[in-house]
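Please keep the sequence and the 3D view open while going through them.

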Amino acid sequence: DLTIDVPITYTEAALGSAITIPTLQGTTKIKVPAGTQGGTTMKLSGKGIETSKKTGNLLVTLHIAVPTTVSEDEADALETLRSAENGWNPRSRLGV
C-alpha cells in the first residue's frame, strides 16, 4: 500500500467536495463527504504500487488546512460563522 497526506479546506470538509489528488498513475478525483473530520483516511483500491502479483491500495489521509492569514472579508465571514455555531464546543466530550 502507498500513503499520501492531502490538505483540504474547512469548507471542503464541512460541506463535502470532490477533489483531485495525485496518484502513481496520474490524478484521480475523490469525494470528500460532508462532515469529514481531519485525520480521516480513505482507501482507494488498486491505486497504490503495482507489483507482478497485484496492485496495492492508496491510503489518503485528509488534513484540514488552516490559513495562516485571512483577509478582512474572510475574517468577517468567519466571525459570522462563529456566531452561527451557537456555542458549539467540539471539546465538550472531553469535559471542558
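The points below take up the nonpolar core, a charged pair and a charged patch in turn.

1. Please bear in mind throughout that this is a predicted model.

2. The largest nonpolar core is made up of 12 residues, namely Val-6, Ile-8, Ala-13, Ile-19, Ile-21, Ile-30, Val-32, Met-42, Leu-44, Leu-58, Val-60 and Leu-62. At least two residues of this core are supplied by each of the strands β1 (2–8), β2 (17–23), β3 (26–32), β4 (41–44) and β5 (58–64), and the largest share, 3 residues, comes from β5. As background, nonpolar side chains in soluble globular proteins tend to be buried together.

3. Turning to charged side chains, the count of salt bridges comes to 1. Glu-79 forms a salt bridge with Arg-82, and the closest N and O atoms of the two are 2.8 Å apart. Both residues belong to helix α2, and because Glu-79 and Arg-82 are 3 residues apart there, about one helical turn separates them. Glu-79 has 41% relative accessibility and so counts as partly exposed, whereas Arg-82, at 54% relative accessibility, counts as exposed.

4. What kind of charge gathers in the surface patch that contains Glu-72, Asp-73, Glu-74 and Asp-76? These residues form a patch of negative charge on the surface. One of them, Asp-73, is found in helix α2, which covers residues 72–84. Asp-73 has 62% relative accessibility and therefore counts as exposed, since the cut-off for that word is over 50%.

Notes: Residues numbered from 1 in each chain as written. Predicted model: local features only at pLDDT ≥ 70, side-chain atom pairs only at ≥ 80, totals over all residues. Heavy atoms only, no water. Patch = residues over 30% accessible without salt bridge, like charges linked within 9 Å, V, L, I, M, F, W, Y side chains within 5 Å. Areas by Shrake-Rupley, 256 points an atom, 1.4 Å probe, with all protein chains shown as cover. Salt bridge = Lys/Arg side-chain N within 4 Å of Asp/Glu carboxyl O. Lys, Arg positive; Asp, Glu negative; His and termini not counted. Charge placed at Lys NZ, Arg CZ, Asp CG, Glu CD. Helix = DSSP H or I, 4+ residues; strand = E, 2+ residues; numbered from the N terminus. Buried < 20%, exposed > 50% of the residue type's maximum accessible area, 1.4 Å probe, protein only. Core = buried A, V, L, I, M, F, W, Y, C linked by side-chain atoms within 4.5 Å.
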